[in-house]
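Please read these notes with the sequence and the model open beside you.

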Amino acid sequence: MTNVLIADDEEKICRLILALGDWSALGMSVTGTVSNGVEAAEYIKNNHTDILITDIRMPGLNGVELIDRIHRISPSTRVIIVSGYAEFEYAQTALHYGVSDYLLKPINKKQLNDALRKLKDKIDGEKDRETTLENTKTQLVTNESTVRSSLISDIIINPDLSLSEDTLRDKYRFNAGKDSYRFLCIKLDDGDIAKVRQDDKDSRDAAPERDFFWDKIISVLNVLLTDLCHDMVTLTQGRYLYALLNYSSKNEDDLRKAVRGCLHQTNSFRGILRNEQAAFALGIQVRTADDIGRSLRAALMALKDRLIKGNAHILDAEPSTGVLYDKKLLDHYSNTVTHALEVMDKDEITEEIDRLGSIAGDTPGVRGWEIYELAEQMGSMLMMRLDFPDKKRRLDDYNEACDNSASLEDLIQIAGSFAGGLIDEIRSQREDSSARPVRLAKQYISKHYAEPVTLEGISEQLNLTPTYFSALFKKETGMGFSKYLAKHRIDAAKELLRESNLSVSEVCARVGYSDTRHFNRIFEQDAGVKPAVYRKLYG
């Protein structure tokens with residue numbers, strides 16, 4: 001809306017101008033009327049005014065003096081003067097002082113609206129040019145920022161990206177003028193994870209509060225690090241903030257102190273993101289542009305140590321080849337998964353996941369990245385054995401949930417919830433009047449195979465006749481009850497022979513056989529060799 005002020009010492013002239021103007025059609029609004037030049041100047045000083053319509057002769061200030069004052073206090077205000085024939089020459093003189101137009105009395109409606117329309121077009125044109133210029137400036141700044149932040153996104157995509165100081169300067173507009181580079185990475189984790197979100201990814205990745213939080217953190221970084229760095233560029237992606245720093249090695253101690261200060265200030269922003277927690281990690285210090293990717297890899301690896309060390313301190317990159325691989329933790333897990341899926345026993349698999357978590361957490365020298373890898377492998381091994389149409393999506397959601405775990409306890413809870421939820425889902429799909437008793441029988445055998453187990457005993461527990469249960473079991477499993485029990489016992493014996501130093505007779509007793517000769521015969525029928533030979537071959 002274009003604002004108009006009318007100034008005339010004759011009230012009837014003011015009313016006439018108000019009546020003649022097509023204000024609404026022109027997109028204009030008369031914001032006030034005044035009776036002398038002093039009031040006009042004071043009004044324009046305090047109120048945005050696009051157009052002033054004024055008599056050439058008024059008390060207080062004459063037309064030329066008023067125009068001169070207005071140009072000083074509001075250069076953008078356009079002036080239309082109104083004069084009679086007696087003041088015509090005076091009005092012509094005023095035009096030299098920047099008056100936009102003049103109207104002769106008596107005022108003509110068409111002339112008034114034509115003058116107003118002409119001024120409106122000029123004002124709108126200038127505003128459009130100013131907007132275009134401002135947008136161009138903003139776009140240039142945005143483009144510059146985009147080019148600079150693309151350095152980090154390119155390194156994320158390819159940590160081995162070949163870089164030089166010239167490339168940093170010419171391609172990415174990054175001023176590499178000092179002898180050290182280092183990545184700072186900040187990661188947000190969900191501090192209140194109860195289960196894996198399988199049906200919906202975390203929709204808060206683009207939430208305004210997270211953007212606001214990152215803006216706050218970047219402001220703190222700029223305040224604390226700008227004077228210590230020759231240049232710094234940042235990039236946010238979802239729950240991650242990356243900052244590449246170029247600085248003088250003599251500022252190393254001050255730089256670390258400043259990063260710690262940023263970590264401490266972050267605590268004051270906790271309320272913005274409810275339960276989320278922030279972890280800070282520094283990559284290794286490198287001296288050449290071509291090594292920047294190594295610093296990023298080291299920072300991301302150090303971030304994972306928050307599982308072990310928490311997020312109260314800056315996490316530093318430490319060299320490590322890992323200590324969990326030699327423990328072969330996944331061998332036993334694989335067997336457990338196979339059996340748990342067979343009998344649909346989620347307790348069996350969640351207990352195994354808890355066991356692996358305890359072993360991993362209690363292993364001296366273990367690194368966070370190893371535990372994350374262990375959790376991801378557990379999810380992959382489980383999903384490989386299942387036939388879901390959306391396996392990739394489920395696994396991606398699981399891995400994302402693992403990545404957003406701030407502690408070992410959260411991570412194990414995620415893995416257990418994921419596995420248990422899948423088994424519950426499969427069980428509900430399969431559950432019917434015939435499958436349920438067979439599943440319960442399998443679970444019973446799994447837990448009590450070392451004890452005397454009979455078809456009659458289980459039938460009684462299931463409130464079924466032995467004949468009906470026997471037929472039902474064979475229909476569902478493809479083998480008779482006795483054969484299934486024997487196979488389960490022999491599989492358990494094979495594991496004991498491979499992984500323990502128990503004698504054959506002790507193994508025989510452990511899996512529910514009282515007669516060693518009978519055990520040897522059954523074992524050889526299944527494995528093709530006697531127990532002692534099997535141990536030599538596979539133990």
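1. The radius of gyration is taken here over C-alpha atoms, and the globule rule is 2.2 Å times the number of residues to the power 0.38. A compact globule of 539 residues would come near 24 Å by that rule, but the protein has 40 Å. Along its principal axes, the C-alpha trace spans about 135 × 65 × 35 Å.

2. This is a predicted model, in which local features need pLDDT of at least 70 and side-chain atom pairs count only at pLDDT 80 or more, while totals for chains, interfaces and linings use all residues. Residues are numbered from 1 along each chain as its sequence is written, and side-chain values use heavy atoms, with hydrogens and water left out.

3. The predictor's confidence in each residue, pLDDT, runs from 0 to 100. Its mean for the protein is 87, and 91% of the residues reach 70 or more. Over residues 193–206 pLDDT stays under 50; the model has 39 contacts (heavy atoms within 4.5 Å) for this stretch beyond four places in sequence. Where pLDDT is low, the predicted coordinates should not be read in detail.

4. The protein has 23 helices and 10 strands, which are DSSP runs numbered from the N terminus (helices H or I, at least four residues; strands E, at least two). Of the contacts with a separation of 6 or more, 71% are between residues 24 or more positions apart. Buried residues make up 46% of the 539; buried means under 20% relative accessible area, exposed over 50%, and partly exposed in between (1.4 Å probe, protein chains only).

5. Which residues of helix α4 are buried? In this helix, residues 63–73, they are G63, V64, L66, I67 and I70. Seen down the axis of α4, these fall within an arc of 160°, so they line one face of the helix. The arc is that of the directions from the helix axis to the C-beta atoms.

6. Helix α22 (residues 516–527) has 12 residues and reaches 16 Å from its first C-alpha to its last, close to the 16 Å expected at 1.5 Å a residue. The expected span is 1.5 Å times one less than the number of residues.

7. In α22 the buried residues are F519, I522 and F523. They cover an arc of only 100° around the axis, which puts them on the same side of α22. An α-helix has 3.6 residues a turn, so residues three or four places apart point the same way. R517 and Q525, on the other side of α22, are exposed. The cover over the buried residues of α22 includes α20 (481–499), α21 (504–510) and α23 (531–538).

8. Just after α22, G528 takes a positive phi of about 90°.
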